[in-house]
Amino acid sequence: ATIDYRYTGKNPNNYVCFGSEETPCPSENLYRIIGVIPTQSTEDGPYENRVKLIKNNYYTETKSGYLESHSNAPNGKGYKWNKGINSNDWTLSALNLNVLNQVYWNALEENKKFIEPTKWYLGAPHYGNFNLYKSEDFYKSERSNSQGYSQGPISVVANIGLMYPSDYGYSIDEKEKTIYENREKYRNEAWLYNLTSSTSEWTITAEREFKDSYGTLAGVLQGEGNVYRTYVNNIFGVRPTFYLKADVLYSKGDGSIENPYRICL
């Protein structure tokens, strides 16, 4: 059993200026704290309380050749969850291997020193029951032994990932209702919601049971405020997510967008 501490609400003071000392913080260096979450740096390693960050803006680099234009992606540009193979195994995903843990990771340069490899949980829910899932249900599925449809591993150690459906679910203070029941509240009161009604954002979590002639599926945060599934070759928004090392220190700032936290080692 672990205890997670998470930011909830419409606009909490959880901004971090990552990799820059400029004032104001450049938009590309602005991140937000999902929470302080016990996690492991190896598959069987000890748990450490570590700060989990997500990029405030959508990632749209152009060097990898994987960025594409599509009206369903925020700002008209995004990525496929997988490209070239019809698999929802995250460990084989082009988004995971090429975009996040190669191009994005290498672009961090000296700021890599703040980041520790992390065990990412790859347990898969059945999104066909999306209207029945509370945040806790997603959380348990993500950490379960239920594989995605393509039968990939149930965890992987990597530097960079994406948010879980449960991260989004816990971004408002609501435990009793399903995310589907609360989708309007999420649109208005969840700081992790950063979409319009016509756009979507990828999560790291695959679909467990369903596949058809169009392919395998993975979870997305939809513009209507719900979490659902869609084909891995669709193009949606991406916000890189990672955990800081346990010994990263607070330097200054109050967490507001005008005065974000600054960190040091």
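Glu201 stands opposite Leu221 in β10. This is a predicted model, in which local features need pLDDT of at least 70, side-chain atom pairs count only at pLDDT 80 or more, and totals for chains, interfaces and linings use all residues. Residues are numbered from 1 along each chain as its sequence is written, and side-chain values use heavy atoms, with hydrogens and water left out.

Strands here are DSSP runs (E, at least two residues), and helices are runs of H or I with at least four residues, numbered from the N terminus. Two strands pair if DSSP finds at least two bridges between them. β10 covers residues 217–222.

| Pair | Bridges | Sense |
|---|---|---|
| β9 (residues 200–206) and β10 | 4 bridges | antiparallel |
| β10 and β11 (residues 227–231) | 5 bridges | antiparallel |
| β5 and β6 (residues 77–80) | 2 bridges | antiparallel |

Leu221 also stands opposite Val227 in β11. β10 and β11 form a hairpin with 4 residues between them. Gly225, in the turn, has a positive phi of about 100°. Buried or enclosed residues are judged by relative accessible area: buried is under 20%, exposed over 50%, partly exposed in between (1.4 Å probe, protein chains only). In β10, 6 of the 6 residues are buried, so the strand is largely enclosed by the rest of the structure.

β5, β6 and β12 form an open sheet of 3 strands, in the order β5-β6-β12, with antiparallel pairing. β5 (68–69) and β12 (235–236) stand at the edges with a single partner strand each, so one side of each has no neighbour in the sheet. Ser69 stands opposite Lys77 in β6.

**The nonpolar core**

A nonpolar core is a set of buried Ala, Val, Leu, Ile, Met, Phe, Trp, Tyr and Cys residues joined through side-chain atoms within 4.5 Å. The largest one has 60 residues. Phe18, Trp90, Leu95, Tyr168, Trp202 and Phe242 touch the most other members. Elements that each supply at least two residues include β9, β10 and α1 (94–107). α1 gives the most, with 6 residues.

**A surface patch**

Ile3, Tyr5 and Val36 form a nonpolar patch on the surface, with about 300 Å² of accessible area together. Val36 is found in strand β3 and is partly exposed, at 31% relative accessible area.

Key: Patch = residues over 30% accessible without salt bridge, like charges linked within 9 Å, V, L, I, M, F, W, Y side chains within 5 Å. Areas by Shrake-Rupley, 256 points an atom, 1.4 Å probe, with all protein chains shown as cover. Salt bridge = Lys/Arg side-chain N within 4 Å of Asp/Glu carboxyl O.
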